Amino acid sequence: MNRSLSAEKRTDLLLREMTLDEKITLMHGVTAPTGDVASGNQSVVPPKGYVGYVPAIPRLGIPALRLADGRAGVGNAARDVTLLPAPIAAASSWDPELLNEFGRVLGQEQWGKGTNVALGPSIDVVRVPEWGRTFESYGEDPYFNGRMAAAEIKGIQSQGPIADANMYLTMNQESDRFRADSVVDEKTLQEIYLPPFEASVRDGHVGTFMCAYVKTNGVYSCENADILERMLREQLKFDGWVMSDWGATHSTVDSAIHGLDQQMPDDTFYGAALKSAVQAGQVNTSTIDEHARRILVPMFRQGLFDKTQTATWESNVRSPQHDAFSRKVAQEGTILLKNDRSILPLHADASIAVFGAAGSIAPKAEGGGSSAVIAPYIVSPLDGIRKDADAGVQVSYADGSDLAAASKMAGDAQIAIVFVHTDETEGDDRPNLELPGNQDQLITAVAGANQRTIVVLDTGGPVLMPWVNEVSGVIEAWYPGQEDGNAIAAILYGDVNPAAKLPLSFPRAANEIPTSQKEQWPGVGGHSLYSEHLNVGYRWYDATNTQPLFPFGFGLSYTTFRLSHLAVEPAKLELKSGEVTGKVLVRVEVTNTGNRKGAEVVQAYVGQPAANNEPPHQLRAFAKVQLEPGETKPVSLTLDERSFSGFDPSQHRWVSPQGTYEIFIGTSSRDLPLHSRITIGPSR
Ligand code: BGC
């Protein structure tokens with residue numbers, strides 16, 4: 001308990017005092033009352049609420065671990081918590097600062113509920129657009145996801161709880177998720193799927209990871225030495241612990257010797273069975289020590305031994321600040337995708353016909369599964385619009401089930417707004433990218449009757465838009481959380497100028513996606529072949545010259561911007577034994593050329609020499625800048641060594657072949673007006 005010692009030292013001292021039973025107690029959760037816990041716990045009754053619980057060991061002052069879900073607010077049916085927008089919405093802000101605050105709010109509410117291990121964020125790269133957990137993730141780019149993950153993790157951990165980034169690794173589909181085998185080559189693992197986890201360790205200092213349900217290359221994630229030992233421990237130097245996803249442990253000995261530190265939520269493999277395996281000599285006591293150490297070090301580091309947490313699951317953790325923050329995220333995460341003839345922002349005196357599920361509560365304020373949150377309230381879009389429209393202006397509403405009535409009502413109003421949604425949830429992938437039910441027909445019917453039709457999408461991922469040319473405006477509002485109606489009305493009426501950008505590509509057609517073959521998704525014979533290799537998301541659209549409907553990085557504003565004066569230095573980087581040394585500084589000026597205050601995201605992509613076999617260009621840096629009308633600001637971006645590297649599986653490291661590297665600067669992956677290049681060569 002000497003706080004002046006390091007976490008490692010305190011762990012050493014503690015481990016010396018612990019019995020085998022006590023170490024094993026740390027290594028699994030408890031789901032039912034038990035009298036069989038080590039060290040004087042006569043009987044342990046898991047407290048209500050938490051989805052995972054590891055009992056305390058009072059003899060040694062080891063605190064209990066209380067685990068709760070939470071990607072968009074505290075989950076597990078907790079009451080009196082804030083429903084934030086889906087993480088995909090937060091990520092659409094392209095603002096790591098916002099993600100940091102997202103983590104702080106989440107961490108504060110978790111801690112305030114008595115949680116000391118917060119399950120989140122979900123950081124896997126979105127490979128399959130139909131993936132049912134797309135809304136929980138940040139999007140399709142590894143570097144981008146890493147930036148967001150590190151920012152959110154730091155936010156969560158700054159408030160008390162240890163964050164648990166998930167799901168490790170290749171958790172890219174829900175179809176057959178308890179058995180699916182991701183067949184993926186080493187280069188792709190290293191360049192696409194590992195980087196968010198790498199950033200979580202390097203920049204986020206995350207305490208725990210959750211290993212996934214799926215297999216990677218034939219072996220279940222939670223007993224996969226290749227990903228747990230070689231990649232996570234040896235390569236990334238992660239010294240925290242890995243817990244299994246709920247029910248993702250499949251063995252005792254294989255898991256224990258291949259890197260799983262903790263079974264969740266129960267002890268089927270890591271209770272009595274683990275003790276017997278140790279006694280039989282199948283698992284060394286030094287291996288048990290190592291697992292216990294990995295759990296204890298983050299607990300010490302995070303101060304769990306030194307703070308008393310008195311709050312309980314029943315506590316009310318809401319606040320006006322958190323309500324306001326939920327709204328801020330929804331506003332900053334809402335993307336303006338189409339705005340013909342500047343139909344938006346709306347005039348407050350325009351009569352409006354509103355369609356879809358916008359009238360009841362909300363079309364869809366959150367996604368389903370373990371990230372579901374009980375919202376304290378939800379402001380419906382209809383209420384939001386009625387509040388912001390001028391007094392006396394007609395705002396009519398119909399759910400849209402009667403298409404003839406809908407088109408009549410649309411024709412009678414100056415503006416028509418159709419709210420459409422998808423129902424995304426953990427456990428299921430969407431069958432396809434179409435809007436379910438009659439929603440496409442509803443849009444077509446309304447747009448046929450009113451040329452000034454706007455579609456608001458409340459989806460967790462991309463959808464097809466067969467009607468896109470028939471409507472004047474399209475907004476992606478994602479799953480916007482409890483402040484739904486207030487946020488969307490603020491965007492529609494221009495109180496907020498949209499500044500969000502897509503963190504994933506939207507395709508034009510069902511077969512124009514990177515994973516359109518069933519061997520890729522949902523897989524054949526239990527195997528999902530990652531045969532697109534590095535060409536995930538926009539990388540695939542670029543490599544195959546396929547035009548997306550809306551590209552990665554894209555989003556409009558009510559003002560306009562111009563980029564100019566690109567300067568890149570130095571023009572040459574030197575190689576030392578295959579590795580590049582030094583960074584490149586990119587400077588560019590951004591001007592707000594319109595007449596409203598707004599924000600633009602400057603994006604830097606690097607294209608490698610053809611011989612490197614990399615996608616045409618990849619996001620390596622970005623920055624968001626706020627500008628008054630007419631204002632110009634300089635923006636600096638740093639391109640580090642990794643920006644000019646690729647993973648060479650034969651050498652097991654990142655290398656930078658010599659040659660010319662292209663640097664593209666712009667405001668989406670498909671709008672890159674400025675261009676420069678550097679060379680990489682041997683040092684002289
Ligand atoms: C999910 C995890 C979640 C866990 C506990 C699992 O089904 O995959 O993300 O943390 O349940 O609820």
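Begin by selecting D69, R71, R133, E136, E174, R177 and E426, which in this predicted model are linked in a network of salt bridges. As background, side chains of opposite charge can pair when their charged atoms come close.

Next, select D306 together with R3, whose side chains meet in a salt bridge with an N to O distance of 3.9 Å. This pair links distant parts of the chain, for D306 lies in the loop between α11 (285-301) and α12 (320-333), while R3 belongs to the segment before α1 (7-17), 303 residues apart. Is R3 buried or exposed? R3 counts as exposed because its relative accessibility is 59%, and the exposed class begins over 50%.

Then move to D412 and K408, where the side chains form a salt bridge at 2.6 Å, again from N to O. Both D412 and K408 are exposed.

For the last stop, select K501 and E600, which form a salt bridge whose closest N and O atoms are 2.8 Å apart. Here too the pair links distant parts of the chain, with K501 in the loop between α16 (484-492) and β16 (527-529) and E600 in strand β21 (residues 598-607), 99 residues apart. If you now show the surface of the protein, keep in mind that K501 is buried and that E600 is buried as well, whereas D412 and K408 at the previous stop are exposed.

Definitions and conventions: Residues numbered from 1 in each chain as written. Predicted model: local features only at pLDDT ≥ 70, side-chain atom pairs only at ≥ 80, totals over all residues. Heavy atoms only, no water. Salt bridge = Lys/Arg side-chain N within 4 Å of Asp/Glu carboxyl O. Helix = DSSP H or I, 4+ residues; strand = E, 2+ residues; numbered from the N terminus. Buried < 20%, exposed > 50% of the residue type's maximum accessible area, 1.4 Å probe, protein only.
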